[in-house]
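Hello,

Here is the structure I promised to pass on to you. Have a look at it first, and then read on for what turned up in it.

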Amino acid sequence: MSKTKILMYLMAGVALLGAVSCSCSPQSKEKEEPVEDLVMPGNPFITDLFLADPSAHVWADGRLYVYPSHDNNPPRGCDLMDGYHVFSTTDMVNWTDHGEILHSKDVPWGREEGGFMWAPDCAFKDGTYYFYFPHPTGTDWNNTWKVGIATSKNPASGFQCQGYLEGLGDPFSMIDPCVFIDDDGTPYFYYGGGGRIIGVKLKDNMMEIDGEVKPMQGLKDYHEGPWIFKNNGKYYLMYADNHQEPGLGGRNQLRYAWSDNPLGPWEYKGIILKPTDCDTSHGSIVKYKGQWYLFYHNCSISHNGCLRSICVDKLFFEPDGTIREVVQTLGK
C-alpha cells in the first residue's frame, strides 16, 4: 500500500473518531449560565432607611429590584409601617432608591388609621407589574386583613391600587403574600402567618383566585413568610419558623422544603439561615447574573427588632439540589 493511501486511511479514521466524539458529547444537558462574580455590597446594604422583608426580583430590563417593607422610626411595634419603597441595582453595590411607590393613604379600602403595611411581593405578567401587599380594613386589624393589589406599567413607579384578592378565607393569617409564576405562565399565590400557609392558582388577570385555597402540607415548624421559587425542575418553599433560642426567646430561622408540584405536598429539607440578631426573619431567593442570592433582614444598626435593615448573601446549591446553609456576613 502506498504512503498516500495509508495517510488517507489515517485521516479518515481521525475524522470518524472526531464524529463519534461529537455525537457522544452532553448536548442534552442544560446550558450553564455564566456567573458574573459581582462584588458584594456589605451588610446591611441599605443604611439610610429601616427596611425589612425584602422581596427580590429580576425584570427584563436587567436590573435586580427589591421590594421591602418600611419600619418607621421611632417605631411602635410594627403598627406604624406605612409605605413601600423600591430599590434596584445592576452590580449589587450601587443601589437606587426609587422612592415610595405606595402608602396607606393610597388604599381606599384600608383602615383610616393607616399603618400595618407589612411584607409585600411583586410579579410581572403580560406587560404589567402587580404589587401585592397586606393591609387591614378596620381598627380590629387582627381580624380584618386583606391582600391588596396595585398595578403599574413600570417596576418602580406609577402603582395604582386596584382592590384586593377575594375568596382567600380566614383574614387572621392573611399576611406575607408571595406570587410565583411557573415556566408555563401559570401564576400561583401563597400567603400566611400564625403557623398557617395557603396556596392557590391565580387567574391570568392576576387579580382573582382560580379554584379553592389549599393548605400547604409537609412543612416543619412553619411560622410565616413564604417564598417560592424553582431550580432545575424542583419547586422550593422557604419560610420562617418558630425557633426558640435558649435564653433569648423566639428568633426565627429560615427553613425550606421542596416539591415536584407548586402546591405540594412538600418535603422538608433543612435550614437555610440561622437566626440573625433580630427576633423575626423573612426573605427571598433570586438568581442574578448566574449567581443565586438570599435576601433577608437583621437589626444590626438599631439593635431594635422593630427597626430592621435588609441584607444579602450568596446562596449555593449542592449537587443533589439541596441548599447549603448561608453564612451571614456583616460590614464590607
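**The largest pocket and its surroundings**

Five strands, β1, β5 (121-125), β9 (178-181), β13 and β19, each supply at least two residues of the lining of the largest pocket. Strands here are DSSP runs of E with at least two residues, helices are runs of H or I with at least four, and both are numbered from the N terminus. A pocket is an open set of points on a 1 Å grid over the protein atoms alone, with protein on both sides within 12 Å along at least five of seven lines, and a lining residue has an atom within 4 Å of a point.

Before going further, a word on the source: this is a predicted model, in which local features need pLDDT of at least 70 and side-chain atom pairs count only at pLDDT 80 or more, while totals for chains, interfaces and linings use all residues. Residues are numbered from 1 along each chain as its sequence is written, and side-chain values use heavy atoms, with hydrogens and water left out.

Back to the pocket. Its volume is about 720 Å³, taken as the space filled by probe spheres set on the points, with grid points joined across faces, edges and corners. The lining has 25 residues, and those nearest the centre are His-57, Val-58, Phe-180, Ile-181 and Val-286. β13 gives the most to this lining, with 5 residues. By class there are 17 nonpolar, 4 polar and 4 charged residues (nonpolar is Ala, Val, Leu, Ile, Met, Phe, Trp, Tyr, Cys and Pro; charged is Asp, Glu, Lys and Arg; the others, Gly among them, are polar).

**The cavity**

The search of the whole structure also gave 1 cavity of 30 Å³ or more, a cavity being a set of points where a 1.4 Å probe fits but cannot get out. The volume of the largest cavity is about 60 Å³. Of its 13 lining residues, Pro-120, Pro-177, Pro-226, Trp-227 and His-282 lie nearest the centre. β1 (51-58) and β13 (222-231) are the elements that give two or more residues to the lining of this cavity, and β1 gives the most, with 3 residues. The lining divides into 6 nonpolar, 4 polar and 3 charged residues.

Pro-120 sits in the loop between β4 (96-103) and β5. At 3% relative accessibility, Pro-120 counts as buried (under 20% relative accessible area, with a 1.4 Å probe and protein chains only). Beyond its neighbours within four places in sequence, Pro-120 has contacts that include Asp-53, Ser-55, Tyr-84, Phe-131 and Pro-177, contact meaning heavy atoms within 4.5 Å.

**Two strand pairings**

β5 is largely enclosed by the rest of the structure, because 4 of its 5 residues are buried. β5 pairs with β6 (residues 128-136) in the antiparallel sense over 5 bridges; strands pair if DSSP finds at least two bridges between them. Ala-123 has Tyr-130 in β6 as its bridge partner. The hairpin of β5 and β6 has 2 residues between the strands, and Asp-126 takes a positive phi near 50° there.

β19 belongs to an open antiparallel sheet of 3 strands, in the order β19-β20-β21. β19 (284-288) and β21 (309-315) stand at the edges with a single partner strand each, so one side of each is left without a neighbour in the sheet. Lys-287 stands opposite Trp-292 in β20.

Best wishes

How values were computed:
Buried < 20%, exposed > 50% of the residue type's maximum accessible area, 1.4 Å probe, protein only.
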